[in-house]
Amino acid sequence: MSQLRAAAAAAGGLRRSGPRAAPLARRSRKGASLHKAPAPAPPYSRHLFSDPAEIEALRGDLLAWYDRCKRDLPWRTRAATEPDADRRAYAVWVSEIMLQQTQVATVIDYYNRWMQKWPTLQALAQASLEEVNELWAGLGYYSRGKRLQEAAKKVVSELAARMPRTAEDLQKLLPGVGRYTAGAIASISYGQATGVVDGNVIRVLCRLRCIGADSSSPAVIDRLWDMANALVDRNRPGDFNQALMELGATVCVPKAPLCGECPVKQHCRARLRKLLGKPTPVPDVEDCGAGGCPLCPPAAEPWDSSLGVTNFPRKAAKKQARVARAATCVLERRGCHRAPEYLIVQRPSSGLLAGLWEFPSLPQAQDLQEEKQREALAEHLQAWIGQPVVAGDLQLIGEVVHIFSHIHQTYVVYSLSVDGDVTLDPASSPSRWVTEEEFHASAVSTAMKKV
Ligand code: SF4
């Protein structure tokens, strides 16, 4: 057997040949023999992990690597050392919510400050939304902090401060906790043998098993969940899940994966495909039928040898971000001791950047002329400060672009200085004058800090 062929066999690309297992035979009461045909393998069976020995080997290889190489992170320390199950689950929960769409390096400082301020569910349940927003400012996706606090209140008031003990109950009972977060909390905090699927896991599994169909499609996601649940180590589920995610974050990275250092390379079909320079052997017609496999790359987008293992995963083209434009004004007055102060106003309690503070801003049509934009903004400011604002006094400073996850936002920035005592209209949404230092300590978005 050539080296590559041996590698193919080790990676599960080749099935052992030999007679098929005899169909199960049962005998009826009357003595007639009843033959039950085995259920036909699904068309995607070639992509699954079906060999128990291979699953066992993969678990062992991955966990041994994780024990040697895992990053030292504050939430891991808490999960490993906190004896109280509720506190442990809370600590994992906070980390999982913060890590959604956010880099580990960014989260560490926020996590430490959060846990110092609210070390328990009870402490968080007593916090105000304003405090939560202030601590969350700059982390993005602000509804996460709000939902976390709402859920903590619910656990304290309706569940006697006891965290649900299974992934199913966590997902069912806690607002903002989806399947992934529930699986992560249950496996890491309670040792429930349940898998997780996040962006890192999707990438690793798609490469391990050459899954090239749209990885954001429900059909593929369902199969990945099945796979994650089948693979998860029964004795160390939390470590196994973290190891799989750690592999995706540090070795099997999106653009230039370090296959040579990968602890599971011998199980990786994408790597094998790259080494062979042709599709991995398909020894049986029931494997991945010709063109009918829902997990294979679409026929119109075959393997691109210049991409190697990064042929996987594949996603349908992203929807174009919505383009939005707003005029905003940095309104300045002289406060105590003639120190400059700036007007900030609070956004509505729902929708984008809910409850955060910003300079008075007004959405604008894309093609609105500058003069009209200025007039509309002057009118808007007038409503806030209760005194006439002359459009011509607004000084155009420039434009600031900020990309939210689905919005390409441009702020057209103006400034204006006002004299005397400006009384804010209490009937309007909350507003206040702040110094520059107070502005940075307030619950303001990164976009406003750029402004
Ligand atoms: Fe990812 Fe390469 Fe490891 Fe395969 S061998 S899992 S592509 S890092």
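**View 1. The buried side of helix α14.** In this predicted model, Arg269, Ala270, Leu272 and Arg273 of helix α14 (residues 269–276) are buried, that is, under 20% relative accessible area with a 1.4 Å probe and protein chains only. Because they cover an arc of only 160 degrees around the axis, they fall on the same side of α14. The arc is taken from the directions from the helix axis to the C-beta atoms. Helices are DSSP runs of H or I, at least four residues, numbered from the N terminus.

View 2. Around the ligand are Arg207, Leu208, Cys252, Cys259, Cys262, Lys265, Cys268, Arg271 and Val309, each with a heavy atom within 4 Å. Six residues of this shell are nonpolar, three are charged and none is polar.

**View 3. Cysteine 210.** Cysteine 210 is buried, at 7% relative accessible area. Its sulfur lies 7.0 Å from the closest cysteine sulfur, that of cysteine 268, so the two are too far apart for a bond. The whole structure has zero disulfides (cysteine sulfur pairs within 2.5 Å).

**View 4. Phenylalanine 240 and arginine 59.** Phenylalanine 240 belongs to helix α13 (residues 237–250). Its relative accessible area is 1%, and the residue is buried. Its C-alpha atom is 7.3 Å from that of arginine 59, 181 residues apart along the chain.

**Notes.** Residues are numbered from 1 along each chain as its sequence is written, and side-chain values use heavy atoms, without hydrogens or water. In this predicted model, local features need pLDDT of at least 70 and side-chain atom pairs count only at pLDDT 80 or more, while totals for chains, interfaces and linings use all residues.

Terms used
Buried < 20%, exposed > 50% of the residue type's maximum accessible area, 1.4 Å probe, protein only. Helix = DSSP H or I, 4+ residues; strand = E, 2+ residues; numbered from the N terminus. Nonpolar A, V, L, I, M, F, W, Y, C, P; charged D, E, K, R; others polar.
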